[in-house]
Amino acid sequence: MTEISEAARRLKELREQAGLTMRAVSEALGWSLTRYQHYEDRYKRRFLPFELARDLEAIFVPHGVESGAVLGLAGIEAGQPVNQRRESAPARAAATQAQRDLPVMGTVKGDGDGFLFIQGEAKEFVERPANLKGVFNALALYMDGDLMEPRYYAGELLYVNPNRPLTKNCFVAVELADGQGLIRQFLRRNEDEVVLRQFNPAKDVHLKAGNVRKIVRITGAAEAG
């Protein structure tokens with residue numbers, strides 16, 4: 001089993017202390033269960049992302065978890081000023097909503113092999129990073145599964161700029177003809193096939209060109225993973 005971080009182990013302890021299931025927490029966050037499970041079962045970084053710790057703090061404290069315990073998992077020490085933490089939930093949501101206009105166009109399938117591209121209207125919007133301002137067709141996707149570790153981990157939010165050209169060894173989201181989505185490293189393509197690389201286990205993936213609907217370039221990740 002892959003070694004996880006102390007933050008992941010402690011997160012599980014605090015959730016159990018609150019008497020909450022992983023599903024209950026994921027629903028409170030508005031996340032899929034797979035996305036939340038990453039932070040307890042697979043997360044390797046020293047600290048949790050601040051925004052996640054802040055939101056978990058609001059969920060756990062009413063269930064008996066000591067105030068500040070979850071924020072500590074993001075490296076916020078007791079007594080350290082955290083302005084966002086003092087905002088009321090409605091005010092914070094209103095402030096955040098105004099900035100969230102980037103559509104998430106993929107939904108996790110649940111089997112760890114990839115995701116499905118959403119056709120039509122997005123079901124979720126996230127904050128647009130500076131490098132995608134003015135890119136009207138930009139989008140975001142959630143990473144699923146462990147096939148691209150250690151580059152990307154399950155639950156990471158990936159930013160996509162469909163206008164950027166593909167270059168060898170860049171990272172891409174591939175939409176197949178059946179709507180399935182894959183996150184891989186781009187190697188090459190010709191009239192007959194598209195060749196990609198996955199990291200875990202390491203191997204090259206050969207796809208028939210006719211089975212590939214679209215390839216778009218990933219420009220970054222929203223979380224450290």
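At what angle do the axes of helix H2 (residues 22–29) and helix H3 (residues 33–41) cross, and within what distance do they come? In this predicted model, the two axes come within 9 Å and cross at roughly 120°. Angles of 65 to 115 degrees count as roughly perpendicular and those over 145 as roughly antiparallel, so H2 and H3 are oblique to each other. Their crossing is right-handed.

The residues that make this contact are listed by helix below.

| Helix | Residues in the contact |
|---|---|
| H2 | Met22, Arg23, Val25, Ser26, Leu29 |
| H3 | Leu33, Tyr36, Gln37, Glu40, Asp41 |

By class, the residues of the contact between H2 and H3 divide into 5 nonpolar, 2 polar and 3 charged.

For the protein as a whole, the secondary structure comes to 6 helices and 11 strands. The protein has 225 residues, of which 45% count as buried. Its accessible surface comes to about 11,800 Å², and carbon and sulfur atoms account for 47% of that area. Of the contacts between residues at least 6 apart in sequence, 59% join residues at least 24 apart.

Glu149 lies in the loop between strand E5 (139–142) and strand E6 (157–161). Is Glu149 buried or exposed? Buried means under 20% relative accessible area; Glu149 has 8% relative accessibility and therefore counts as buried. Leaving aside residues up to four places away in sequence, Glu149 touches Arg42, Lys44, Phe199 and Asn200.

Note on methods. Residues are numbered from 1 along each chain as its sequence is written. This is a predicted model: local features need pLDDT of at least 70, side-chain atom pairs count only at pLDDT 80 or more; totals for chains, interfaces and linings use all residues. Side-chain values use heavy atoms; hydrogens and water are left out. Axes are lines fitted to C-alpha atoms, for helices over the stretch in contact, and angles run from 0 to 180 degrees between N-to-C directions. Helices (H or I, at least four residues) and strands (E, at least two) are DSSP runs, numbered from the N terminus. Angles under 35 degrees count as roughly parallel, over 145 as roughly antiparallel, 65 to 115 as roughly perpendicular and the rest as oblique. A crossing is left-handed if the near helix is turned anticlockwise from the far one by less than a right angle, and right-handed if clockwise. Contact means heavy atoms within 4.5 Å. Ala, Val, Leu, Ile, Met, Phe, Trp, Tyr, Cys and Pro count as nonpolar, Asp, Glu, Lys and Arg as charged, and the others, Gly among them, as polar. Buried means under 20% relative accessible area, exposed over 50%, partly exposed in between (1.4 Å probe, protein chains only). Accessible areas come from the Shrake-Rupley method with a 1.4 Å probe; for residues, only the protein chains shown count as cover.
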